[in-house]
Amino acid sequence: MAREPVGPDGTIAICVKRTLVARVAGGDLFQKAPRQRELFLYVAECTLEDRLADVREQVIAERVFNRRPDFQGTQDSIVRAEARNLRKRLESYFATEGREEPIVIGMPKGGYALSFELRPAAVCLEPVSAATPVAVTEVRAARASGFRARRLAGACILIVVAALGYFAGRQRLERQLHFEKPILPFSALFAPNRDTLIVTSDTGFLQIAALAHHPLSLNDYIARTYPKVPGITPPDLIQNWNLYEFTDGREMNVAGLIMSSYPQFAPHIELRSGHKVTLEDFKTHTAVLIGSPISNPWAQLYENRLNFHCEFDSNSGRIFFRDRQTQYPSADDVAHGLTYARLAFLPGSASTPSALLIAGTTAQATEAAGELVASRTQFAHVLRKIGIDPSGPPHFFEILLRSNVFVGGSTAPEVVAWRLAPISY
């Protein structure tokens, strides 16, 4: 039985909220404001998951705006300022692009959690001119019966208009629940009888690699055997990174977009950082791995099956891809602010579940690639361009993307190269 979008108590289904969040974030108003879009997606995910402790000013400053843990709101008003801008942008969206949406998203003042409210039916009344006060008493009795009749008729009209507005909104909600069939690679990853794991990076692991000046292996990660780095402050820094869970906010945004794009499968999707994953999970779950093998060590399980290998420059601390002949980005690319990302889909076999890998040379490149693959329309165009039917059977692909990074975001990625079958070296 299909799930009702609005329950008996007037609550709106989570899947409908997620779909709306994705649609708002993909609108023109938010594409032009990447910082507010990032804030919006973060607070939306926290609200929908009822993680209200994570929408405090201190936490938002650290996770969204990359402020230090000792952030003081009295000295830096970035969260409050961007929240004000976000409130205005949401109001503008639902008055323009989203004027037909039956549900309106807002951010009530006094906090950073979002609200989801059914849009009230609009009723337009003709303006009434003021009556001349002369001889009102004389005509009141004569008009009483006619006035009562008109008032009753007016009330009936209001009821009919409100009912029509309600049912129109209800029909729009029901149409939202008519989910489109997923395209590749998600048609091979998601299914009602299959669980999928979305894994984001462990940024603590990346920091340890940077301190050690060399990438760490998946075996190191599983055993938690990290190199000793002399002279670091505080001395127990590596042990703390090993104990606590850290991940990347942009990668969480990508995960949220993927889940919002296919809300019908949300009950079968688990979102975890790399710190909370075990090797056993990959035997029973299909997987979406976000982040490079340098920051998301679980991606190393698939690295030897790919053509564009991810490498780490210990001197500069940069991540890059390399095929047989070329390094991406080159020194000239770096000088011009160009970054690269790799999208790779490996269909499952009898012993290995399917996996999608989303990795960039920077966090912005990873986010741009994730936004592309989460967009049904845009990614279907990419697949057709490289000769794959988006609605066809599972097909291996590996796509190298390039985008230009600027403060607060990046340009839409363009396809640089691709492979449709794995190549062994």
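**View 1. A polar contact of 3.2 Å links the side chains of E303 and R342.** The model shown is predicted. E303 sits in the loop between β5 (286-290) and β6 (309-312). Its relative accessible area is 12%. Buried means under 20%, so E303 counts as buried. Setting aside residues up to four places away in sequence, E303 touches P293, F308, H309, C310 and R342.

**View 2. Strands β6, β7 and β8 form an open sheet, in that order.** The pairing is antiparallel. β6 and β8 (327-328) are the edge strands, and each pairs on one side only. Strand β7 covers residues 319-322. Four bridges join β7 to β6. H309, one of the residues that E303 touches, stands opposite R322 in β7.

**View 3. P297 lies in the loop between β5 and β6.** The loop between these two strands also holds E303. P297 has a relative accessibility of 0% and therefore counts as buried. Its contacts, leaving aside neighbours within four places in sequence, are F205, L218 and Y221. H275 is 22 residues from P297 in sequence. The C-alpha atoms of P297 and H275 are 9.7 Å apart in space.

**View 4. Helix α1 (residues 14-25) crosses helix α5 (residues 78-95) at roughly 95 degrees.** On the α1 side, L20, R23 and V24 take part in the contact. They meet L90, Y93 and F94 of α5.

**View 5. The largest nonpolar core has 74 residues.** F40, V43, I60, I105 and I358 have the most contacts inside this core. Helix α3 (residues 34-48) supplies the largest share, eight residues. A second core of 27 residues is separate. L197, W241, A344 and A355 are among its members.

View 6. V43 is one of the residues with the most contacts inside the largest nonpolar core.

How values were computed: Residues are numbered from 1 along each chain as its sequence is written. This is a predicted model: local features need pLDDT of at least 70, side-chain atom pairs count only at pLDDT 80 or more; totals for chains, interfaces and linings use all residues. Side-chain values use heavy atoms; hydrogens and water are left out. A nonpolar core is a set of buried Ala, Val, Leu, Ile, Met, Phe, Trp, Tyr and Cys residues joined through side-chain atoms within 4.5 Å. Buried means under 20% relative accessible area, exposed over 50%, partly exposed in between (1.4 Å probe, protein chains only). A polar contact is a pair of N or O atoms within 3.5 Å; within protein, one must be able to donate a hydrogen and the other to accept it, and residues adjacent in sequence count only if both atoms are side-chain atoms. Contact means heavy atoms within 4.5 Å. Two strands pair if DSSP finds at least two bridges between them. Axes are lines fitted to C-alpha atoms, for helices over the stretch in contact, and angles run from 0 to 180 degrees between N-to-C directions.
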